[in-house]
Amino acid sequence: MKRHLAVDTLGFPFFTHCTKANVSDDKGLIEMLTKNIGYFQSKPVNIPKITILLDHGYHLEYLREELEKVYPQMMTKIRFELSAKPSKQQKKDQGKSGFVPVAARWVIERSNAWMERCKILVKNFERTLANATTKVNLCFIRLMVKRLASSP
C-alpha cells in the first residue's frame, strides 16, 4: 500500500489518499486530486495558484494532461514545481554526502515521520484502501488535537 499526502507548509494534511502498491506516484496524485476536485472547483481564480511541490519521480506533462481531462480549469488554480535536488558538487561544498534534506521537501518527510509514530500504522491489517486512508486521517487528527491541547 502507498500513502499519498498533500500537506501545507507546517506539515499538516490537506488531502490523504491510499492506493495499492503497484499504482504509480503520478496516478496516485491524480486520484488524490480528483477525489478532492470540489476543493479546486470552489477556489476562486483571482487568488494565487496553489503550488504543489513534487520530487523528480513525477512526470509534469502527464499530470497536466490527465488533470485537464478531469477538470479543464485545474491548471489555472494549481502549479507544479519540481523541488531542488542538490548536486554532488553542492553536497561536497557543504561537506556532506549521501542523503541531504532539502528545506522545502523536508516538510513532507517530517509529516511522514509524524504519521509513522502512530502504532496503528506500523503494520497494515486493513482490507480496504478506504479504511487505510481513514487510519491515516485519524493519526493526523490525533496529532493536531495534541498540538492544540498543548498550546498555552
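**Burial and packing in a predicted model**

Leu-29 is buried, with a relative accessible area of 8%. The model under discussion is predicted.

Student: In which helix is Leu-29 found, and which residues does Leu-29 touch, not counting residues up to four places away in sequence?
Tutor: Leu-29 has a relative accessible area of 8%, which is under 20%, so the residue counts as buried. Leu-29 is found in helix 1. Leaving out residues up to four places away in sequence, Leu-29 touches His-4, Leu-54, Tyr-58, Leu-63 and Phe-80.

Student: What covers the buried residues of helix 1?
Tutor: The buried residues of helix 1 are Asp-26, Gly-28, Leu-29, Ile-30, Met-32 and Leu-33. Their cover includes strand 1 (2-7), strand 2 (13-19), helix 2 (37-42), strand 3, helix 3 and strand 4.

Student: Why are the buried residues of helix 3 on the same side?
Tutor: In helix 3, which spans residues 60-70, Leu-60, Leu-63 and Leu-67 are buried. They lie on the same side of helix 3 because they cover an arc of only 60° around the axis. An α-helix has 3.6 residues a turn, so residues three or four places apart point the same way. The value asked for is thus the arc of only 60°.

Student: Which residues are exposed on the other side of helix 3, and what covers the buried residues of helix 3?
Tutor: The cover over the buried residues of helix 3 includes helix 1 (25-35), strand 3 (50-54) and strand 4 (78-82). On the other side of helix 3, the exposed residues are Glu-61 and Lys-69.

Student: Is Ser-83 buried or exposed?
Tutor: Ser-83 is found in the loop between strand 4 and helix 4 (88-94). Not counting residues up to four places away in sequence, Ser-83 touches Leu-53, Leu-54, Asp-55, His-56 and Arg-105. Its relative accessible area is 4%, under the 20% limit, so Ser-83 is buried.

Student: Is Phe-125 buried or exposed?
Tutor: Phe-125 lies in the loop between helix 5 and helix 6. The C-alpha atoms of Phe-125 and Ala-84 are separated by 36 Å, and the two residues are 41 residues apart along the chain. With a relative accessible area of 64%, which is over 50%, Phe-125 is exposed.

Student: At roughly what angle do the axes of helix 5 and helix 6 cross?
Tutor: Helix 5 comprises residues 106-116 and helix 6 comprises residues 129-150. Their axes come within 9 Å and cross at roughly 95°. That angle makes helix 5 roughly perpendicular to helix 6. The value asked for is roughly 95°.

Student: How many nonpolar residues does the contact of helix 5 with helix 6 have?
Tutor: From helix 5, Ser-111, Trp-114 and Met-115 meet Val-136, Phe-140, Leu-143 and Arg-147 of helix 6. By class, this contact has 1 charged, 1 polar and 5 nonpolar residues. The number of nonpolar residues is 5.

Student: Which pattern does the protein follow along the sequence?
Tutor: The secondary structure comes to 6 helices and 4 strands. Read along the sequence, the pattern is β-β-α-α-β-α-β-α-α-α.

Methods
Residues are numbered from 1 along each chain as its sequence is written. This is a predicted model: local features need pLDDT of at least 70, side-chain atom pairs count only at pLDDT 80 or more; totals for chains, interfaces and linings use all residues. Side-chain values use heavy atoms; hydrogens and water are left out. Buried means under 20% relative accessible area, exposed over 50%, partly exposed in between (1.4 Å probe, protein chains only). Helices (H or I, at least four residues) and strands (E, at least two) are DSSP runs, numbered from the N terminus. The arc is that of the directions from the helix axis to the C-beta atoms. Contact means heavy atoms within 4.5 Å. Axes are lines fitted to C-alpha atoms, for helices over the stretch in contact, and angles run from 0 to 180 degrees between N-to-C directions. Angles under 35 degrees count as roughly parallel, over 145 as roughly antiparallel, 65 to 115 as roughly perpendicular and the rest as oblique. Ala, Val, Leu, Ile, Met, Phe, Trp, Tyr, Cys and Pro count as nonpolar, Asp, Glu, Lys and Arg as charged, and the others, Gly among them, as polar.
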